[in-house]
2 protein chains.
Amino acid sequence: MSVVDILTARRKLVDDFLLKMLRLGASAELYEIVKHQIITGGKRVRPAMTILCCEAVGGSAEDAIPAAACIELVHNYTLIFDDIIDQSDLRRGLPTVRAKYGDVMAILAGMHYRETIYEAARRSPKSERIEKILSLALRRIIEGERFDVLFEQAGRESEYVKKMMYKAVDEKDYFRMIKAKTATLFEAACKVGGLVGNGDPGQVEALSRFGRNCGVAFQIVDDILDIGGRQGELGKEIGKDAKEHKLGNIVVLFSLDELSEAERDKLLHVLRSFRLSDFDVKEAIGILLSTNALKRAWEASREFITKAKSNLDVLTGSEAKRMLMDIADFLTERSF
Amino acid sequence: MSVVDILTARRKLVDDFLLKMLRLGASAELYEIVKHQIITGGKRVRPAMTILCCEAVGGSAEDAIPAAACIELVHNYTLIFDDIIDQSDLRRGLPTVRAKYGDVMAILAGMHYRETIYEAARRSPKSERIEKILSLALRRIIEGERFDVLFEQAGRESEYVKKMMYKAVDEKDYFRMIKAKTATLFEAACKVGGLVGNGDPGQVEALSRFGRNCGVAFQIVDDILDIGGRQGELGKEIGKDAKEHKLGNIVVLFSLDELSEAERDKLLHVLRSFRLSDFDVKEAIGILLSTNALKRAWEASREFITKAKSNLDVLTGSEAKRMLMDIADFLTERSF
């Protein structure tokens with residue numbers, strides 16, 4: 001069974017439940033808007049991990065559905081607001097909620113998602129525990145997103161953001177940011193899976209670590225794809241994060257390590273310029289790609305996946321455990 | 001004891017608790033931002049009503065603090081996002097969160113508020129019940145805000161909003177909108193107060209109705225002040241809602257009833273024009289003020305307050321009940 005098959009097999013269970021939850025307390029008009037975020041895609045990696053973690057400690061997939069739906073809802077809740085924050089028009093090649101319905105409706109849709117997380121959580125086994133984990137995770141994600149914005153080198157109009165902007169970002173800052181922004185939800189996905197499967201504390205802790213390491217690897221790969229390009233319907237867009245002024249990208253940070261002072265200045269100049277010519281962007285990306293940064297980033301992601309897989313050592317062998325290992329590998333091998 | 005004294009006496013208890021909750025899981029930087037929304041003012045009418053409703057059924061003020069804080073947090077959560085939606089720079093004469101910290105930080109602050117509501121709710125007696133009421137209330141408020149935006153006659157760039165805009169708004173639409181947008185939270189404030197005070201089902205139902213009627217009256221008075229002007233540091237701004245293209249204002253709706261066709265057309269033209277001259281606005285407001293609309297609106301608010309006070313008949317006399325009656329009167333007598 002390929003990883004795509006693993007994800008597809010669990011997708012319908014989660015989607016049916018979460019769409020039912022999204023409908024609660026929503027008018028037909030609002031439901032159309034909130035549904036858009038779900039039906040336009042997504043790999044459903046996180047909820048699949050929740051279900052598999054539940055099964056890996058002896059629980060049934062059914063018990064994990066509400067918690068898995070929560071995780072996917074949290075993900076989409078943050079995506080709706082991220083797209084507003086970044087004024088993004090496209091996601092997965094399709095219009096974002098804000099592009100299709102406007103920022104105002106996207107804000108209201110986002111707020112509705114948060115209430116849907118609550119509805120899904122209260123239907124889960126161990127609902128009180130699940131709610132607490134999700135709410136703490138959300139606050140960490142918010143802080144991560146705050147760092148991510150403050151690591152950008154240009155492009156924000158707010159005087160406050162300009163004042164608070166990080167002039168330099170080191171690896172410690174970077175890992176603190178991605179652990180909060182991205183790894184938090186992978187960790188929560190695996191933790192709640194272990195909990196609803198009635199895993200013992202050692203198993204739940206191991207699954208949490210597995211999730212966190214997978215999440216770090218996932219974000220590193222995201223950074224790689226946001227520089228090196230991502231397979232998509234419209235071909236590869238190279239250097240997206242450089243165009244978006246992001247210093248909080250591991251490929252950018254690794255390349256800065258290797259560059260001569262002149263090249264460093266050139267790259268930082270491009271990151272810090274609000275208006276860029278195509279020529280400047282191409283030159284900056286050329287500089288980036290001349291280093292070993294992509295290769296080193298890929299190796300770093302592999303290291304986190306190796307750690308993640310060893311976190312599963314405490315679990316006895318099972319079909320679910322094997323699938324979790326496959327998903328972990330898939331996270332660094334994907335090209336989209 | 002004046003109503004201002006009643007509110008002031010309860011303010012510190014609520015504020016201390018809610019600031020403590022806002023601090024949970026927030027960095028010092030984010031806490032500064034979320035605190036801004038609280039320290040810049042607000043009357044704290046709703047949390048005072050929660051506490052008094054608790055006391056009116058025999059509970060102690062202390063038991064009501066977390067629930068009262070929840071209500072005030074919900075209020076401020078929606079205000080932060082409302083100010084983003086309406087791109088408002090000033091509230092109570094001071095910069096809004098978005099004006100001071102930018103839209104991006106305001107969004108993250110808003111999201112943090114929602115998690116704080118959860119933290120406050122889980123510390124309340126009957127936390128499960130409280131959480132459910134708050135989440136349902138939030139979804140109704142979101143729908144109310146959606147109507148409010150769709151009742152505007154111009155000023156939104158989104159094609160979707162333009163397409164979905166209400167060409168006409170009648171009283172039924174209006175009351176549906178304000179019940180959802182405004183009365184929902186007053187109802188919830190009083191309901192949770194009755195619940196944490198261990199009121200019997202009849203008392204809780206009576207308090208809920210009291211809250212709902214107070215909320216409707218409150219919004220009608222808000223509409224009056226947004227046309228007739230509000231006492232403030234910068235003097236009165238007349239016709240604010242007319243400038244903001246709002247057809248969802250009872251004074252506007254009542255005036256349309258009375259006007260000749262030519263005057264109606266003139267007023268609607270102003271509401272529907274994206275760019276307005278001062279002359280046009282003054283003329284439209286002149287037309288508005290030539291009718292009995294303000295007087296009729298004020299009478300309507302008095303009727304809801306009379307109904308609200310009669311809802312309290314089932315409660316035995318108490319200091320708290322008397323204060324609730326005073327607050328009800330205050331809601332239609334305020335000029336700010």
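This is a predicted model: local features need pLDDT of at least 70, side-chain atom pairs count only at pLDDT 80 or more; totals for chains, interfaces and linings use all residues.
Guide: Before we look at helix pairs, one definition: a helix axis here is a line fitted to the C-alpha atoms over the stretch in contact, with angles running from 0 to 180 degrees between N-to-C directions. The helices themselves are DSSP runs (H or I, at least four residues; strands are E, at least two), numbered from the N terminus.

Visitor: Okay! At what angle do helix 8 and helix 9 of chain A cross?

Guide: Roughly 145 degrees, and their axes come within 7 Å. Helix 8 covers residues 171–196 and helix 9 covers residues 201–228.

Visitor: Is that crossing left-handed or right-handed?

Guide: It is right-handed. The word is used when the near helix is turned clockwise from the far one by less than a right angle, and left-handed when anticlockwise.

Visitor: Which kinds of residues sit in that contact?

Guide: There are 13 nonpolar, eight polar and four charged ones. Ala, Val, Leu, Ile, Met, Phe, Trp, Tyr, Cys and Pro count as nonpolar, Asp, Glu, Lys and Arg as charged, and the others, Gly among them, as polar.

Visitor: How many residues of chain B are in contact with chain A?

Guide: 33 residues of chain B, and they meet 33 residues of chain A. Contact means that the C-beta atoms, placed from the backbone, lie within 7 Å.

Visitor: Which helices of chain B supply that side?

Guide: Helix 4 (61–85), helix 5 (97–122), helix 6 (127–151) and helix 7 (159–164) each supply at least two residues. Helix 5 of chain B gives the most, with 12 residues. By class, the side of chain B that touches chain A has 18 nonpolar, six polar and nine charged residues.

Visitor: Back to helix pairs. How far apart are the axes of helix 3 and helix 15 of chain B?

Guide: They are 8 Å apart, and the two helices pack at an angle of about 150 degrees. That makes helix 3 of chain B roughly antiparallel to helix 15 of chain B (over 145 degrees; under 35 is roughly parallel, 65 to 115 roughly perpendicular and the rest oblique). Their crossing is left-handed. Among the residues making the contact are B:L52 and B:C53 of helix 3 of chain B, and B:L324 and B:I327 of helix 15 of chain B.

Visitor: And helix 1 with helix 4 in chain A, how do they cross?

Guide: At roughly 60 degrees, with axes that come within 9 Å, in a right-handed crossing. The contact includes A:V14 and A:F17 of helix 1 of chain A, and A:A68 and A:L73 of helix 4 of chain A. It has 11 nonpolar, no polar and one charged residues.

Visitor: Is A:A68 buried or exposed?

Guide: A:A68 is buried, because 32 other C-beta atoms lie within 10 Å. Buried means 20 or more such atoms, exposed 12 or fewer, and partly exposed in between, with C-beta atoms placed from the backbone.

Visitor: What does A:A68 touch?

Guide: Leaving out residues up to four places away in sequence, A:A68 touches A:V14, A:P47, A:T50 and A:I51. A:A68 and A:T50 are 18 residues apart in sequence and 5.4 Å apart in space, C-alpha to C-alpha.

Visitor: New topic: where is A:Q87?

Guide: A:Q87 lies in the loop between helix 4 and strand 1 (90–91) of chain A. Its phi is near 50 degrees, a positive value in a residue other than glycine. A:Q87 is exposed, with 12 other C-beta atoms within 10 Å.

Visitor: And what is phi of B:K126?

Guide: Near 55 degrees, also a positive value in a residue other than glycine. B:K126 is in the loop between helix 5 and helix 6 of chain B, and is partly exposed, with 16 other C-beta atoms within 10 Å.

Notes. Residues are numbered from 1 along each chain as its sequence is written. Chains are lettered from A and ligands numbered from 1 in the order in which they are written. Two residues are in contact if their C-beta atoms, placed from the backbone, lie within 7 Å.
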